[in-house]
Amino acid sequence: MTPVARVTPPLATAVAVLLALVPGNAEATPGRGVSPALAGRAAAVDRVERLELVPVNVAALRAEDAARARSGAPAPLRFAAPLDVDLSPATAGTWEPLDDGGRLWRLRIASPGALSLNLAFEPFDLPGGAALWLYGPDGSMVRGPYTAEDRNAAGALWTPVVLGDEVVVELYLPPGVERPADLRVARVNHGYRELGGASTGSELKQGSCNVDVVCPEADAWRDEIRSVARITILGAFLCSGQLVNTTAENGTPYLLTAQHCVEDAAQATSVVAFWNFESPQCGLLAGGSLSQTQSGATLVSLWEWRSGSDFALVLLDEAPDPAFNVHYAGWDATGLAPPGSVGIHHPSGDEKAISFDDDPPSKQNYYGSGSHQWRIGAWDLGTTEGGSSGSCIFHNQTRRCIGTLTAGSASCSNPTGFDIYGRMDAHWTGNGSPSGRLSDWLDPLGLGTLVLDGRDPGGTGAGQTWLIPAAASTPGAGTSNWKTQVVVSNPSGHDRQARVFFVPRNTSWPGSLLSGPHVIPAGGSLFLDDPLLTLNPTSGLLYVTVDGDGTPVTTRTYNLADDGGTFGQGIPGILLDQAVAADELVLPMVHSVPGRYRTNLGLVQTSAGSMAVRVSVHAPDGTVLGTKGYGSAAAFLQVNDLFEDMGLETLTVEGAWLSVELIGGAPAFWTAYASVIDDDTDDPTYILPVAR
């Protein structure tokens, strides 16, 4: 455990920690928005307890790094020294009450001489409505808010860096929180390499021969550039990685990098991705923004570098924020050499650069048995450096990834140096198991293709994705049966291909292929009657991908009985390319009449994570009849007979309305719907949401 060199108490006596144990019964409010302290609702930061860690021997660290580099073994670039600590709201920091009835805990952590700091929270378990922030003592470089939804698969949270040698940790607990936070700072990573801002020395920033991706030479590669991220591992190491497309083309956030960067499942959970870390102007090779980040991933597959092809595929805990404007790179697993190659990467972990080689790469048996690598003889423009590991080498004509960087001797000081890349065709078959190859994950549809182009999330520029929030094929009351029909209309002058995907109830996004590809001729349509029949009984959500625009999708779910049926409820498709998630939705005209009408509520999200909502029932006169929270880690959740579930089953209410507020999670898109059922006929009426 790293000892604390100095403790600076707050200037004024902190509010007793016993406040943290005071129970309450009010419902927790969402922990989103601006930190209370930075909003001026708390005491000045100089009143917060400050802990100073023992100094770090940077010279010794750099000597170790130099020895590792001389060995020639593949290794990620180290930028920070891990310092084990044990700090929690129960043992350190300053508590104070807030004007809203909530409580605030803060702690200042200093590591003298650090160029950056990042933290590992183990455990990280916040109650509903609680939120955590990190920032510099001057209020700069704010990270967060982090909520319960940011807890990774290991029950921890690894944060992005905050530049400087001191960080403020701030925890907000809302009024009436039912349980305390289980929170511990387990590691402080002392950064000793420059990670942002202007160059402060030749050894701290990338070499001058690198080419910024904002330069004109990179204009043909704008899409692929957006797929590449700088990643940190264990808060101490730097590599590059890129989002890769799959044959499902549904935006599953797979990030491809090198196995020597992410060696196991524990390291995968620590991954922090930095998007669009680029120079603001050509030739600057510095000055990039570190604002676009996300934390956490799950290991999917890898094959190690000593006897394999050195790849790791991880699934990010959530899709990148749409505001980051990322791209999913295409790939080529044929093993055919291109006439030239292009690399896009973060040299020395610095601002993103691009490199060009005008000659074909050669196949090499560089590590272990078998030919698993490409060898770049020398770069004609640009180079690679430590921190570039894991980045793709792209076919210079098709712009598809053909391999990932392992090691090499190339640098600005060695312009004739070579680079070694694990080959995509070797990644594809790997060691013969799903946990050691890419084919199962990048071709989930089993199409057998070895090449795939890149695409933007939701299909922008390559097609469209239509979400159908509710679908079913299941027995109803008596002799009745619920069925769904899907129609895809093609008024365009071109043939289209459509694929239908299904996400069953209680299953995470993105589900699996249900049918297709279906060819829809120009001017024609696709009609699918009860596509879920083979899965009966089942319910969930559908989505349809179409390889072009202007092709609307709609459905109806109806109840068919021996004595006839009705046309049922029309459920229009939602075009995900254009969909914007609201913070609150309203569902009007819902009914609950015992023995006559009942109302079901559906919640849908297009993310692999979880979300939480607060549902309130409002009478026509505005009276709030009841409120209840619902959480779901699935893509589709339906609450049958909502009024009964909320304890309102004896009420007769017609013309009521529901408010559905997002209070937790960060789904790429979410929506809600209501379905009012006639108890006599089991006929449904679909209620569309309205953003508030």
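Author: In the largest nonpolar core, which has 35 residues, I109, L119, F121, L132 and L183 touch the most other members. A nonpolar core here is a set of buried Ala, Val, Leu, Ile, Met, Phe, Trp, Tyr and Cys residues joined through side-chain atoms within 4.5 Å. Buried means under 20% relative accessible area, exposed over 50%, and partly exposed in between, with a 1.4 Å probe and protein chains only.

Reader: What is the model's origin, and which pLDDT limits apply?

Author: This is a predicted model: local features need pLDDT of at least 70, side-chain atom pairs count only at pLDDT 80 or more, and totals for chains, interfaces and linings use all residues. Residues are numbered from 1 along each chain as its sequence is written, and side-chain values use heavy atoms, with hydrogens and water left out.

Reader: Which strands supply at least two residues of that core?

Author: Strand 2, strand 4 (80-87), strand 6 (103-110), strand 7 (116-125), strand 8 (131-135), strand 12 (166-173) and strand 13 (182-191) each do. Helices (H or I, at least four residues) and strands (E, at least two) are DSSP runs, numbered from the N terminus.

Reader: What is I109 in contact with?

Author: Leaving aside neighbours within four places in sequence, the contacts of I109 include L51, L53, L87, L117, L119 and V169. D165 and E166 are also among them. Contact means heavy atoms within 4.5 Å.

Reader: Change of topic. In what order do the 5 strands of the open sheet run?

Author: The order is 44-43-46-41-49, with antiparallel pairing. Strand 44 (624-632) and strand 49 (690-691) are the edge strands, each pairing on one side only. Two strands pair if DSSP finds at least two bridges between them.

Reader: How many bridges join strand 41 to strand 46, and how many to strand 49?

Author: Strand 41 (residues 584-592) has 6 bridges to strand 46 (residues 653-664) and 2 to strand 49. V586 stands opposite S659 in strand 46, and its bridge partner in strand 49 is V690. L585 has A691 as its bridge partner in strand 49.

Reader: Is strand 41 mostly covered or uncovered?

Author: Mostly covered: 7 of the 9 residues of strand 41 are buried.

Reader: Now charges. How many salt bridges are there in the whole structure?

Author: A search finds 27. A salt bridge is a side-chain nitrogen of Lys or Arg within 4 Å of a carboxyl oxygen of Asp or Glu. One case is R400 with D453, at 2.9 Å from N to O. That pair links distant parts of the chain, 53 residues apart.

Reader: Are R400 and D453 buried or partly exposed?

Author: R400 is buried because its relative accessible area is 18%, while D453 is partly exposed at 42%.

Reader: What about D645?

Author: D645 forms a salt bridge with K628, the closest N and O atoms being 3.0 Å apart. D645 lies in helix 6 (residues 642-645) and K628 in strand 44, so the pair ties together parts that are 17 residues apart in sequence. D645 is partly exposed, at 34%, and K628 is partly exposed, at 30%.

Reader: Which residues are linked in a network of salt bridges?

Author: E64, D65, R68, R78 and R193 are.

Reader: Last one: where is T246, and is that residue buried or exposed?

Author: T246 is in the loop between strand 16 (237-243) and strand 17 (254-257). T246 counts as buried because its relative accessibility is 3%. Beyond its neighbours within four places in sequence, T246 is in contact with Y254, W441, L442, P444 and L452.
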